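This briefing is intended for reading beside the sequence and the model.

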Amino acid sequence: MTKLALGTHPFLLGFEGLERLVERTAKSGNEGYPPYNIEQTSDTSYRITLAVAGFAEDDLSITVEDATLLIRGRMTEDMGERVFLHRGIAGRQFQRAFVLADGVDVGAATMENGLLHIDLNRKQPDRVIQTIQISKG
C-alpha cells in the first residue's frame with residue numbers, strides 16, 4: 001500500500017499548501033503563557049481572549065503576517081526603587097500565534113480587567129456557479 005502525502009491526494013487538487021499550513025500551525029508554539037480562550041460568538045465570528053495581567057496596552061502589539069495573527073507582549077521595566085520580597089506575577093515577554101483561515105479578518109481588540117479580547121470575523125464567500133462550454137477537438 002502506498003502512502004500519499006495530504007497535499008498529493010488526487011481529490012485535493014490545488015491544496016498543495018495545506019501541508020505547509022499544518023506544519024506552520026504545529027510550529028506556532030505549545031507554550032502555555034499567556035493562557036488564552038477561543039470562543040465562537042456567532043456563526044461567523046470568534047473571540048480570542050488572552051490573560052495579560054500586568055501588561056499595559058503599550059506593552060502589547062497585534063499584527064497579521066501571512067495569514068497568521070501574532071500577539072506579542074513585552075513589559076517595560078519601570079521598577080524605579082521598588083524592592084520585591086516575592087515576585088510571583090509573570091511579566092515575561094511572549095509571542096502567541098494563531099493561523100487564520102482564508103476569509104477570516106481581525107476586528108477590534110480591547111483590554112478589560114487584565115484580559116485582551118481580539119474579535120475575528122469570517123466573511124461568507126459568494127456562491128459562484130460557472131458553466132463550462134465543451135468544444136470539439
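A residue is called buried under 20% relative accessible area, exposed over 50%, and partly exposed in between, using a 1.4 Å probe and protein chains only. By that scale D119 is partly exposed, because its relative accessible area is 21%. This is a predicted model, in which local features need pLDDT of at least 70 and side-chain atom pairs count only at pLDDT 80 or more, while totals for chains, interfaces and linings use all residues. Residues are numbered from 1 along each chain as its sequence is written, and side-chain values use heavy atoms, with hydrogens and water left out.

**Overall architecture**

- Read from the N terminus, the order of elements is α-β-β-β-β-β-β-β.
- The chain has 137 residues, of which 20% are buried.
- Its accessible surface comes to about 10,900 Å², with 52% belonging to carbon and sulfur atoms; areas come from the Shrake-Rupley method with a 1.4 Å probe, and for residues only the protein chains shown count as cover.
- Among contacts in the chain with a separation of 6 or more, 51% are between residues 24 or more positions apart; contact means heavy atoms within 4.5 Å.

- In soluble globular proteins, nonpolar side chains tend to be buried together.
- The largest nonpolar core has 16 residues, and L69, I71 and F94 are those with the most contacts inside it. Such a core is a set of buried Ala, Val, Leu, Ile, Met, Phe, Trp, Tyr and Cys residues joined through side-chain atoms within 4.5 Å.
- Two or more residues of this core come from each of strand 2 (45-51), strand 4 (68-73), strand 5 and strand 7 (115-122); strand 7 gives the largest share, three residues.
- Not counting residues up to four places away in sequence, F94 touches Y33, P34, L50, V52, F55, L60, I71, R72 and G73.
- I62 belongs to strand 3 (residues 60-65) and is partly exposed, because its relative accessibility is 33%.

**Salt bridges**

- The whole structure holds three salt bridges, each defined as a side-chain nitrogen of Lys or Arg within 4 Å of a carboxyl oxygen of Asp or Glu.
- D119 pairs with R47, with the closest N and O atoms 2.8 Å apart. This pair links distant parts of the chain, as D119 is in strand 7 and R47 in strand 2, 72 residues apart. R47 counts as partly exposed because its relative accessibility is 24%.
- D105 and K123 meet at 3.4 Å, N to O. This pair also links distant parts of the chain, with D105 in strand 6 and K123 in the segment after strand 7, 18 residues apart. D105 is partly exposed at 35%, whereas K123 is exposed at 53%.
- R72 pairs with E65, with the closest N and O atoms 3.7 Å apart. R72 is partly exposed at 28% relative accessibility, and E65 is partly exposed at 37%.

**Backbone geometry and the P34 region**

- Most residues other than glycine have a negative phi, and most peptide bonds are trans.
- The peptide bond from Y33 to P34 is cis, with omega near -10 degrees. P34 is placed in the loop between helix 1 (17-26) and strand 1 (36-42).
- The backbone oxygen of P34 is reached by the side chain of R96 at 2.9 Å. R96 lies in strand 5 (residues 94-99) and is buried, because its relative accessibility is 7%.
- D66, although not a glycine, has a positive phi of about 50 degrees. D66 lies in the loop between strand 3 and strand 4 and is exposed at 66%.
- N113, also not a glycine, has a positive phi of about 55 degrees. N113 occupies the loop between strand 6 (104-112) and strand 7 and is exposed at 76%.

Terms used:
Helix = DSSP H or I, 4+ residues; strand = E, 2+ residues; numbered from the N terminus. Polar contact = N/O pair within 3.5 Å; in protein donor to acceptor, adjacent residues only side chain to side chain.
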